[in-house]
Every structure is written in structure tokens, then in C-alpha cells.
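User: I am new to this structure. Please take a close look at how its side chains pair up, and start with the rings.

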Amino acid sequence: MENLLEVIDLKVTFPTSKGRIRAIDGVNFKVKKGEILGIVGESGSGKSISSLSIMGLISDQGQVEGKILFNDENLLNKTEVEMRKIRGDKISMIFQDPMSSLNPVFTIGNQISEAILLHNKGVTKKEAVEKTIELLKLVGLPSPEQRIHDYPHKFSGGMRQRAMIAMALACEPELLVADEPTTALDVTIQAQILELLKEIQMKLGMSIILITHDLGVVAETCHRVAVMYAGHVVEETDVYTLFANPKHPYTKGLINSLPKLGSRERLTPIQGQPPQLYDDLTGCRFASRCPFVSAECLENEQVIAEVTKGHFVRCHKEVG
Amino acid sequence: MFKYIMKRLCMLIPVLIGISTIVFLLISLIPGDVVDILLGTSATPEAREALRENLGLNKPVVIRYFEWMFNAIQLDFGESIRTGKPVIEEFFARLPATLQLAGLAMAISLLIGIPFGILAAIKKDSWISHVVSVVSMLGVSIPAFWLGTMLILFISLQLRLLPPGGFVPFLENPIENLKGMILPAFTLGTSMSAVVMRMTRSAMLEVLGQDYMKTALAKGVTPKLYRYKHAFKNALIPVLTVIGIQIGYLLGGAVIIEEVFALPGVGRLALQAIYQRDYPLVQVTVLMFSLGFVLVNLLVDIIYAYIDPRIRYE
Amino acid sequence: MNPVLKKQQTPPVVDLNAIDNIGEKTEGFYKVSFDKLRKNKLAMFGLYVILLNIIMAVFAPLIAPHDPTEMFVKNRLEAPSSQFFMGTDEFGRDIFSRIIYGAQISLKVGIISVGIGIFFGVFLGLISGYFGKLLDNVISRFMDVLFSFPDILLAIAIMAVLGSNITNVMIAIGIVSIPIFARITRSAVLSVRESQFIEAAKSTGVKDIVIIFRHILPNISAPIIVQSTLSLAFAIIAEASLSFLGLGTQPPSPSWGLMLNTGRGFMETSPWVAIFPGLAIMITVLSFNVLGDGLRDALDPRLKKD
Amino acid sequence: MPTLLKVNDLKKYFEVNKGLFGRQKSVVKAVDGINLDVIEGETIGLVGESGCGKSTTGRLLLRLIEADQGEIIYKGQDLRKLDNESLRKTRKDMQMVFQDPYGSLNPRLSVGEIIREPLRTHFNMNKEEQQKRVKELLDVVGLNQRYINRYPHEFSGGQRQRIGIARALALNPKLIIADEPVAALDVSIQAQVLNLLKDLQKDLNLTYIFIAHDLSVVQYISDRVAVMYLGKIVEIANSETLYKNPQHPYTKALLSSIPVPDPTVKRERILLEGDVPSPLNPPSGCSFHTRCPFAEQRCKEETPSLLTVADQHKVACHLVN
């Protein structure tokens with residue numbers, strides 16, 4: 001399979017009153033055509049910043065370096081006008097909180113058909129409305145003919161997320177970036193939405209980047225996974241290998257921190273807290289919490305390397 | 001929508017009763033004997049009795065209150081103590097000048113406030129934004145009567161560009177009318193422009209930070225759509241509230257501006273009535289101003305609901 | 001004290017990162033806010049002008065070159081000069097000295113009337129927000145009614161009834177200021193009341209009165225402080241307006257509004273009589289407004305997390 | 001083991017005004033007849049999706065919200081009948097840990113003051129005794145004593161949650177109601193706090209009512225679990241029984257909806273249709289019938305009651321009983 005998206009050595013920094021924050025510091029991952037890549041990490045790991053960088057939506061203060069190759073074209077070299085044509089057309093995005101992600105003063109139909117009209121010259125309003133209804137059917141919204149005239153506040157959380165997905169699918173994108181799409185939803189609704197995403201991915205054959213903090217969601221939905229910690233990708237491999245044979249101490253710790261259904265065995269949490277990402281960081285960013293830490297870890301910056309085929313790890317002990 | 005408007009109208013009733021009660025009580029609260037104040041202690045007993053009769057002071061206050069309310073509903077607020085004419089007639093005779101003044105002032109302030117407010121929000125941290133902040137700060141701090149006086153001094157007296165005051169009815173001579181209105185309307189509108197500008201700026205900034213604006217960007221909307229369709233309609237909601245409140249300042253300010261520019265409006269009528277202790281006239285002007293304020297805010301509430309579906313379907 | 005708490009068997013999970021960068025004590029909310037305010041040049045300018053005003057008012061007899069009521073009959077309507085820094089008025093009184101004494105009136109009216117507004121407004125807002133129900137309904141409706149009068153008009157009407165003197169000016173502006181404080185306090189109480197730390201206090205059995213004064217009041221102080229500065233600005237303008245209309249302070253008192261009013265009569269020949277009092281009003285009001293604005297940013301809890 | 005707290009038929013209905021003049025009153029049945037025995041020293045979990053009434057239940061037990069009906073019996077007396085003063089004293093034994101690590105600490109008080117407050121309210125201690133006790137409590141929850149004069153905004157979510165726990169422990173309570181105490185925390189921090197809660201329970205002989213939406217967390221920490229749906233308990237069982245042998249269709253669906261962090265597990269997932277109905281107009285009969293894949297006619301008409309199906313295992317479902 002060929003790569004649809006390749007992120008190479010991506011760095012994003014933000015200025016703050018206490019100095020520059022290195023929110024993302026040399027991140028590499030790729031998304032193949034037709035696959036679901038999971039990016040998993042805790043808050044502050046940089047997973048959302050990665051997705052916003054792909055969309056070109058990092059605010060003006062943020063400084064972005066590296067390469068984001070989409071169909072072999074570097075998105076970071078594109079002008080704002082070019083990016084605008086790609087956003088919502090070739091790459092689209094859905095967000096964490098469906099309650100606040102829809103504009104409250106426009107109808108659902110209006111917001112979805114706007115996406116269609118923006119990227120398809122020559123489509124009439126009527127055609128756009130028909131397409132909107134079709135999309136809403138696709139995402140499983142009951143009686144879409146009536147619901148397109150409703151405002152977002154009339155929709156439940158699950159229905160809003162369906163509407164958001166419909167909007168994202170409006171132009172049949174090649175890549176869908178889903179940033180914690182089910183975090184704000186109840187479990188039974190989460191199950192519905194994840195099922196829907198998988199189904200749509202199969203039907204339309206696009207690629208999805210699924211950003212989440214939930215290893216369970218990753219295991220059930222994704223083909224490959226990148227684990228992020230403190231602005232780095234610390235491990236990247238296919239989903240089976242990750243859970244069967246995790247290499248990075250952070251990945252291991254994360255899996256051990258998780259209560260497992262049916263087991264009441266004592267959890268082994270990761271000690272301490274993630275570091276703050278100011279400029280003066282040296283060595284491995286997980287060192288302060290790592291049970292296997294050595295002097296080398298504190299001194300040298302690790303790089304990510306392939307330990308076995310398709311399994312990338314950012315750790316001295318593993319890479320040697 | 002209809003239900004919403006009906007609900008709003010019903011909510012007005014206690015407020016209207018409250019306003020009229022307070023206006024009625026204004027006279028009853030005057031310390032000392034009103035008749036003494038009005039006629040002096042040397043007046044003849046007959047004259048005193050006649051005035052008492054006119055003001056209804058010979059009845060218990062509760063009865064007077066209900067009589068007054070009953071008459072008020074029929075727009076009968078009694079006669080002017082000084083001229084003997086029904087006060088409501090005096091009021092309506094003076095209304096056009098005030099309406100024109102307030103209307104023009106509002107138009108000016110919206111035309112200045114909204115575009116510059118939007119501009120300041122979009123070009124956040126640029127020099128335009130800073131200029132807007134400073135100008136709007138000055139605008140709310142400058143006393144209207146002083147600004148008016150200064151404008152008369154420089155534009156009318158020194159440069160002789162516009163008349164320093166006076167009022168020509170619009171139908172009589174539209175050009176002279178407008179010439180005479182420019183300075184007062186500008187003076188009155190200054191503080192409101194400043195407030196509208198500040199509110200538009202901060203409301204736009206607030207909206208631009210919302211999640212749904214990120215959705216719009218992710219959709220690939222053009223900057224124009226982004227600002228004016230997605231952002232402005234949402235930002236308009238708090239701005240409208242402020243406009244509603246500012247109408248109150250506009251009406252209050254009209255009293256002062258009419259005095260400065262010698263315009264024959266309701267505000268000046270109220271002042272004269274106060275100077276002459278013509279209490280029925282004071283009552284009617286205060287009552288009508290408040291009524292106008294309340295009705296404008298009702299209108300704002302309705303526009304509000306028109307823009308914001310969450311309120312419409314409440 | 002029943003079971004003495006045992007120390008944990010397992011070593012306590014201690015935050016390694018946090019240990020090194022802490023001091024023993026950190027700064028409270030007001031210190032942090034003031035540090036933030038200090039960085040805001042415009043607000044600090046406002047603060048300095050206000051302090052200058054206060055100094056002017058307190059030490060007026062020491063600063064003013066002349067007595068504010070002394071009439072230099074020979075020097076009527078004299079243009080600014082080295083003797084009369086801002087010129088003289090129609091009675092030959094020194095305008096500069098009158099403006100310095102005028103600061104006393106402005107500040108006195110401002111502080112007392114805003115004090116009335118805060119006292120009653122915050123009280124009403126607290127009880128209507130905290131206890132809710134019928135009490136809230138009655139108070140809120142009453143505030144709605146007061147709010148329905150254009151504010152300067154309400155002040156004018158009250159003055160018309162009470163009669164024109166400086167005490168009544170303070171009462172009238174005070175009454176007009178009540179509803180805004182009541183509203184702001186009420187809505188702040190409503191949002192704070194829902195906080196989990198209030199629930200936490202209730203669940204540990206803390207009494208209502210302690211909750212109000214220890215948990216609610218400190219957390220709603222920010223909007224009240226901001227509104228106080230803005231209301232001071234309003235009060236100063238309102239006093240000047242009332243005096244300008246002849247309904248406020250009475251001659252020969254050196255109220256800025258009153259001075260401006262008399263100055264209007266000699267505008268073409270002696271503009272300074274009207275210009276300087278107006279400038280004084282504007283600069284003072286501007287200072288309160290920029291300070292209020294700066295305080296709003298400095299006290300905003302949303303900007304706290306950096 | 002003796003019963004510490006007994007809840008009988010607890011109800012809370014909220015009235016919602018609608019229509020012109022608010023004449024049409026609608027009723028939200030937030031908590032609709034809960035029966036629960038809490039045994040001393042156990043952890044009982046309350047689990048359910050948003051709007052199921054689990055948090056309201058927790059607050060009703062402490063009378064932070066007043067119930068409309070039912071009994072809350074603690075030490076032989078009905079808490080609902082206590083006057084304010086006796087309630088204040090009884091609350092000493094029952095404390096709460098809250099969900100929001102940011103909202104549950106007063107930002108204007110230092111950590112020491114926050115933890116000291118319950119001591120000031122209930123005990124006659126002097127400043128030094130209080131200070132000593134606060135330090136002891138910080139130690140117990142795994143926070144450095146040097147933090148005592150710092151303000152909440154300087155702490156991370158996990159640390160704040162520890163402060164909240166210290167405050168709850170200050171009065172030596174017997175029962176702690178923990179309302180989503182780890183929902184706002186990252187996985188690695190969540191495990192730290194869960195372990196802390198477990199250790200404290202062992203050391204201090206605490207009883208927990210643990211309220212959460214995350215079934216795997218609830219199962220981990222609880223001895224017994226009650227599953228709630230639209231204001232009612234639909235199933236209650238031992239933690240293991242509930243996992244291995246769930247009876248109610250909702251419990252089954254809930255269990256199968258939880259994503260399992262193991263890609264090799266392929267499960268038959270029971271996908272529920274649609275959303276949780278609004279508690280404003282709960283469905284007739286069994287309130288789950290609108291989403292239940294097995295619903296029959298009688299489910300629409302009769303409300304099932306919570307009946308014992310096995311030892312310590314109760315289910316409210318027509319199809320099971």
C-alpha cells in the first residue's frame with residue numbers, strides 16, 4: 001500500500017511568558033491509503049497539535065517546521081488559499097465536542113451543504129440539499145428530510161457527531177482526521193459512532209487518523225497505532241504488535257494502568273507526571289517516570305528507530 | 001416565535017405597573033406640601049384649593065393611585081399646572097425633535113461602532129485595534145455636554161460651518177433641519193458608538209475562539225464567509241443587548257443634548273417642567289421615556305430570538 | 001480523634017517534577033492580579049491620575065494658589081497667565097484653584113454614591129442569588145423596574161423630587177447605581193453557587209453564613225471591583241451632568257459641571273472657562289474607565305492559567 | 001458485615017416549567033425509586049450513562065439536594081428527618097469526593113485552608129493541632145507537606161484530586177461518596193488515584209459509594225455494582241457476577257459497548273439503537289424497552305421491579321424474572 005500522508009520530523013513550538021513550549025518535537029508517522037491510524041496519548045502529548053498541523057490550523061503564534069507530505073506534496077509549503085481548497089475537500093476533520101462544534105445559529109442542512117457548495121463549483125443549491133440528505137442517511141440519521149431544517153440545539157450529542165461526520169464526508173475526502181470523536185459521548189453512543197466510522201471507511205475506502213486517549217478505542221478501531229508522549233511519537237506499529245509486544249516503557253505503563261473488565265488485579269500506574277515542554281528539556285522525556293531509567297537516558301536525546309519490521313520505538317534500551 | 005413574543009409581552013406587564021407606580025409615587029414623595037411649594041405660602045385659600053383639586057390631593061393616596069392608573073391607561077395624565085393644556089399633548093408636540101435626534105444618533109453609532117469593532121477584532125494586535133481601543137475609551141469618557149459645547153465653540157462659532165443649535169422641522173426645510181441636527185446627533189451618538197465598538201470587538205473575539213469556528217475553517221470556508229457569515233451572526237447577539245441598553249443612555253442623554261443645542265424636544269420639556277415644578281408634565285415625560293426604553297428592549301428581544309434559534313424555541 | 005491515620009505502606013506517589021520547582025508559599029490571587037495590572041501601562045496611567053486626583057482633593061488648601069471663592073474683581077474673565085494658570089471666570093475666581101477644589105466634590109460624590117450602590121446592590125444580589133426562589137423573584141423584578149428608567153433620567157427625576165443639593169445628588173446617583181450591582185452580584189453568585197467547592201463546603205457541614213462570606217464573596221469580588229471603577233466613572237459624569245443642568249450642586253460650589261455650565265455663556269470670548277472643567281472631568285472619568293478595563297483583564301480567572 | 005446505610009424508595013423529581021406562564025409543568029424523574037443497602041467496608045459502584053441519575057443519587061444521600069420521597073437510614077435514623085444541626089453533625093461521617101478537579105477547590109484558599117476548613121467546622125482544635133493534622137492528611141494522600149501554603153491553580157488534576165480526598169478524610173468519615181473522581185484524569189494518573197483510594201479503604205476501614213460512567217473503572221474498584229438507567233437501578237450484583245453473568249439487556253449492551261484494549265478479542269457487539277430517551281418523558285413500562293433488542297409487549301406496559309435472581313444478584317427485567 002502506498003502512503004497517503006507522511007509526517008516527517010514535524011516540530012511545533014509556541015511562545016509563552018515562561019519561554020517557548022515545544023509542543024511537538026520531531027514527530028514522524030505515516031498513513032497508508034485505506035487504513036485507520038490511531039494516535040494515542042494523554043493530554044498534552046501533542047496529539048491534537050499534530051492533527052491541527054496537518055489541517056494547517058495552527059494559530060499564527062505557533063511555529064511549524066518539518067514536512068507533511070500529502071500525496072507527495074508538502075502541505076507546509078502551500079499557501080493559505082491552496083490549503084483552503086484542500087481542507088474540507090481532500091482532508092476533513094471532526095472534533096471532540098459535538099455540542100460546541102456546530103454553529104448554533106445555522107441549520108444542520110445549511111452547514112453541511114455549505115461544505116458541498118464550497119468545493120464543488122457548478123453544484124446548485126438544490127443538488128447540494130439532495131446530497132446533504134443522502135449524507136445524513138449514510139451516517140444513519142433518522143428522517144433526514146425533516147432534520148436538515150433543524151438547528152443544532154435540537155440534536156443530541158450522538159446525532160450532532162453524526163452530522164459532523166456527514167459534513168466531513170461532504171466532498172468524499174481522502175483523509176479524515178477525527179480528533180477524540182467519541183470522548184464526549186456515552187459508551188453506548190460511542191460504540192455506535194465507532195461502528196459508523198469503521199463502516200464508512202470500508203464503504204468509501206478513505207484513510208482515517210483517529211486521535212484518542214483510549215487504548216480500547218484504538219484496539220477495536222485502528223489498523224496501526226502511534227503512541228505519543230510529551231511531544232514525541234514513542235512507538236509506532238500495527239495494532240496487534242502493540243498490544244501483544246509493546247516495547248516502550250511508556251506504552252507498557254499505559255497498558256498496565258488500564259483497569260481491565262473482569263479483572264480486579266491491582267493496577268501498576270506510571271509514577272509521577274508528564275514534564276512541561278519548555279526549551280531546556282534534555283534526554284528522554286519519559287526518564288523521570290521510567291522504571292528502567294539509566295544515566296544514558298538522562299543525557300542523550302533518543303531517536304525513533306525501527307526495531308523489527310514496521311515496529312518503531314524511541315528508547316535506548318530497545319534500539320541499543 | 002409567536003409564543004415567545006406573547007411571553008415577552010406578558011413579562012412586560014409587571015414592569016409597566018412597577019414603572020408607573022414609581023412615577024406616580026414621585027409626586028407623593030415630595031417632602032412638604034406640594035401646594036406650598038408650587039404657590040408659596042402667601043396664595044389665597046381658593047387658589048390653593050383649586051390646585052389641590054387639580055392634583056387630586058384631597059383624596060387618599062390609594063384612591064388617587066387607582067384613579068391615576070385608570071386615567072393613565074387612557075393616556076390621560078392630567079393638565080399642565082403652568083399652561084393648563086393636557087400634558088400628553090405637550091409631550092407629543094415635542095416628540096418629533098427628540099425622535100429624530102435619537103434616531104440619527106443611533107444610526108451614527110451603529111455605522112461607526114459595528115464596522116470598526118469588527119475590524120479591530122479581525123486585526124487583533126494591529127495598530128487599528130489599538131486605535132479603536134483608545135478612541136472608544138475616549139468616547140465613553142468624554143462628557144456629552146462638554147463635547148457638545150466644544151463642537152459649538154469650534155465648528156459653529158469659530159469655523160461657522162454648522163448652526164450652533166435651534167431646530168427647523170424636517171418637513172419645513174429638510175436641508176436646514178439636517179444641518180442643525182448633525183452636531184447634536186454626533187454628540188449624542190459618540191458614547192454609544194464607543195460602547196458598540198467595544199462590544200462588537202470583544203464579542204467577535206469571543207466568537208472567533210469558539211469550537212464551531214474551527215469547524216468552519218476545517219471545512220475550508222473563505223475568510224469572508226468565516227467572518228461575516230459564521231462569526232458575525234453569533235457576535236451580533238451580545239451586541240444587540242448592549243444596543244438595547246444604550247438606547248436608555250441615548251434617551252437620558254437627549255435631555256442634556258437638547259439643553260446644550262437648544263432643541264425643542266421632550267428632554268428640554270422635561271427640564272423646563274422640573275424647573276417650573278410642573279409635576280404632571282414631569283410624570284408624563286419620565287413615564288414615556290421609560291416606556292420607550294422598555295419597548296425598544298422588547299424589540300431587541302424579538303430580533304434576538306430571530307437570530308438565535310435557541311431562544312426562539314425556548 | 002479516632003483512628004490515627006497510618007502512614008501509607010506503599011511509598012506515597014510524589015510528583016517528582018513539582019518538588020524541585022516549588023517554594024514554600026506562593027502568591028495569592030490579589031497579588032498575582034496586581035502584578036498583572038502593573039504590566040498594563042494604560043491602566044497604571046489611570047491609577048496614577050486617580051491617585052493624583054485624591055492628592056489634589058485631600059491637599060487642596062495646600063496646592064491651590066488661591067481660595068476657590070475669592071473674587072479678583074479686576075481680573076474677571078482673564079485668559080490663562082502665570083498668575084491665573086487656567087484663567088479666571090466671570091467673577092474673577094481662579095479656575096485652576098476651583099478645579100482643584102472641584103476634585104473634592106467629584107470624588108466625594110463618586111465614592112459615597114457608589115458606596116450606596118455597592119452596599120445595597122451587593123446585599124440584594126447576594127441574598128437573591130444565594131437563597132433564590134420567591135425572594136429572588138421579588139428583588140429581580142424590582143431591579144428590572146429600576147433598570148427600565150434610563151439612568152440619568154431617573155437621577156434627574158429623583159433630583160426633581162428631592163430638591164437640588166449635594167446630599168441629594170449622592171442619594172440619587174446611589175439609587176441609580178444599585179440595580180447594576182445587584183444584577184452583577186446575582187449572576188456571579190448564581191454561577192459560583194453551582195461550583196463543586198460550594199457543594200464540598202456544604203457537605204463538610206459549613207454554615208450558610210460562612211459559605212457566603214468565605215467561599216462566595218471572595219470569588220465574586222472581581223466583577224464587583226471592576227464595576228465599582230466603572231460606576232465611579234459614571235457617578236462623576238452624572239454629578240457633572242446634574243450640576244450642568246442646574247439640578248445638582250449649587251453655586252458657588254466649584255463643581256466641574258456647574259463651572260462648565262456658567263462657562264458656556266462666555267464661550268466666544270473666554271473659552272477657557274468651559275474648556276478646563278470639561279478636560280478635568282474627561283481625564284478623571286477616562287482614568288477610572290481605563291483602570292476598570294485593566295482590572296477586568298487582570299482579575300479575569302480565565303486568563304489565570306498560563 | 002452490618003449494613004451502614006440503607007436507602008428505601010428514594011425519589012427525586014425535578015419540575016420543569018414550560019409553555020406560557022410556565023403553566024405546563026413537566027417532571028423530570030431524575031431518581032425514581034432507588035433501594036440500596038450499603039454494607040460497612042465495601043465499595044459499591046453506581047454506573048450508568050449521563051442522565052441516569054447516578055450523581056443525583058449521590059447528592060441525595062448527603063442531602064446536598066433534598067429528595068422528594070424515601071428514606072435514607074444511617075445508624076438507625078432517617079437522615080431526611082434530621083434538622084439542620086443534627087444533619088451537620090451526621091455529615092461528619094459521610095463525605096464526598098467530587099468529579100471536577102478544577103471546580104471542587106476554592107481558588108481563593110490555599111491547600112492548607114481548604115483541608116483545614118472541615119476541622120474548624122467540627123472540631124475544637126487549636127491552630128497548631130489543625131496544622132499538624134493537615135500535614136498528616138497531605139502525607140496520607142501522597143502529597144508533599146511543603147505544598148500546604150500553595151493555591152489550587154498550581155497543581156495538576158491528579159494532585160488536586162488528592163487534595164479533595166484529603167479534605168474528605170479530614171473528619172474521619174465512615175462513608176465516602178466519590179462522584180466520578182477519576183473521570184477528568186489521564187489514564188496513568190487515574191490508576192494512581194484508584195490505587196490510593198483502594199489503599200485508604202484498607203487502612204482506614206472506609207466504605208465507598210463509587211459513582212462513575214466507566215464500567216471498567218467501577219468494576220475494578222467495587223465489590224458490588226449497581227447499573228442505573230433513567231433514574232432506576234436495573235441490575236445489581238457482585239462485581240464479578242456482573243461481568244461474567246450479566247442478566248439485564250442494558251447491562252449486556254453496556255458491557256459489550258466498552259472498547260477492550262485487546263485487538264485479538266472479537267466480540268459479538270450489541271449495538272443499541274438511538275439515544276437514551278429524555279428523562280422528561282420516560283417511556284412507559286420498562287424504561288429501556290425503546291432500545292431493548294428483546295422487548296415484548298408487556299415491557300411497554302408493566303414496569304418491572306428489581307427481583308432477586310441469585311444470591312446477591314437482582315435484576316429488573318420481565319424477560320429474566
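Analyst: Start with Phe119(C). In this predicted model, its relative accessible area is 58%, so it counts as exposed, the cut-off being over 50%. Phe120(C) has a relative accessible area of 42% and is partly exposed.

Now the rings themselves. Over all chains, the whole structure holds 15 aromatic pairs. Phe119(C) and Phe120(C) make one of them, edge-to-face, with 5.2 Å from centre to centre and 85 degrees between the planes. Tyr250(D) and Phe288(D) make an aromatic pair too, again edge-to-face, at 5.2 Å between centres and 65 degrees between planes. Why does this pair in chain D tie together separate parts of the sequence? Tyr250(D) sits in helix H9 (residues 249-257), while Phe288(D) is in the loop between H9 and helix H10 (297-301), so the contact joins parts 38 residues apart in sequence.

Chain B has a cluster of rings. Its members are Phe24(B), Tyr65(B), Phe66(B), Trp68(B) and Phe77(B). Trp68(B) also touches Ser20(B). Beyond neighbours within four places in sequence, Ser20(B) is in contact with Met69(B) and Leu287(B) too. Ser20(B) belongs to helix H1 (residues 2-28) of chain B. With a relative accessible area of 9%, Ser20(B) is buried. A polar atom of its side chain lies 3.1 Å from the backbone oxygen of Ile17(B).

Rings also meet charges. In chain D, the charged end of Arg150(D) sits over the ring of Tyr147(D), 5.2 Å from the ring centre. Arg150(D) lies over the face of Phe155(D) as well, 5.3 Å from that ring centre.

Next come charges that meet charges. Side chains of opposite charge can pair when their charged atoms come close. The count is 47 salt bridges over all chains. In chain A, Glu80(A) bridges to Arg87(A), with the closest N and O atoms 2.7 Å apart. Glu80(A) is partly exposed at 45% relative accessible area, whereas Arg87(A) is buried at 2%. Glu145(A) and Lys137(A) also meet in a salt bridge, at 3.7 Å from N to O. Glu145(A) is partly exposed, at 37%. Arg22(A), Asp25(A) and Arg285(A) are linked in a network of salt bridges.

Chain C has a bridge between Asp144(C) and Arg183(C), with closest N and O atoms 2.8 Å apart. Asp144(C) is in helix H6 (residues 133-147) and Arg183(C) in helix H8 (residues 166-193), so the pair ties together parts 39 residues apart in sequence. Arg183(C) is partly exposed, at 41% relative accessibility.

Salt bridges also cross between chains. There are 4 between chain D and chain A. In one, Arg269(D) pairs with Glu220(A), and the closest N and O atoms are 2.2 Å apart. On the chain D side, helices H6 (187-204), H7 (215-221), H8 (239-244) and H9 each supply at least two residues that touch chain A. H6(D) gives the most, with 10 residues. In total, 46 residues of chain D contact 40 residues of chain A. The two chains bury about 3,700 Å² between them, 56% of it on carbon and sulfur atoms.

Definitions and conventions
Residues numbered from 1 in each chain as written. Chains lettered and ligands numbered in written order. Predicted model: local features only at pLDDT ≥ 70, side-chain atom pairs only at ≥ 80, totals over all residues. Heavy atoms only, no water. Helix = DSSP H or I, 4+ residues; strand = E, 2+ residues; numbered from the N terminus. Buried < 20%, exposed > 50% of the residue type's maximum accessible area, 1.4 Å probe, protein only. Polar contact = N/O pair within 3.5 Å; in protein donor to acceptor, adjacent residues only side chain to side chain. Contact = heavy atoms within 4.5 Å. Phe/Tyr/Trp six-rings, centres within 6.5 Å; stacked < 30°, edge-to-face > 60°. Lys NZ or Arg CZ within 6 Å of the ring centre and 35° of its normal. Buried area = accessible area lost by both parts, 1.4 Å probe. Salt bridge = Lys/Arg side-chain N within 4 Å of Asp/Glu carboxyl O.
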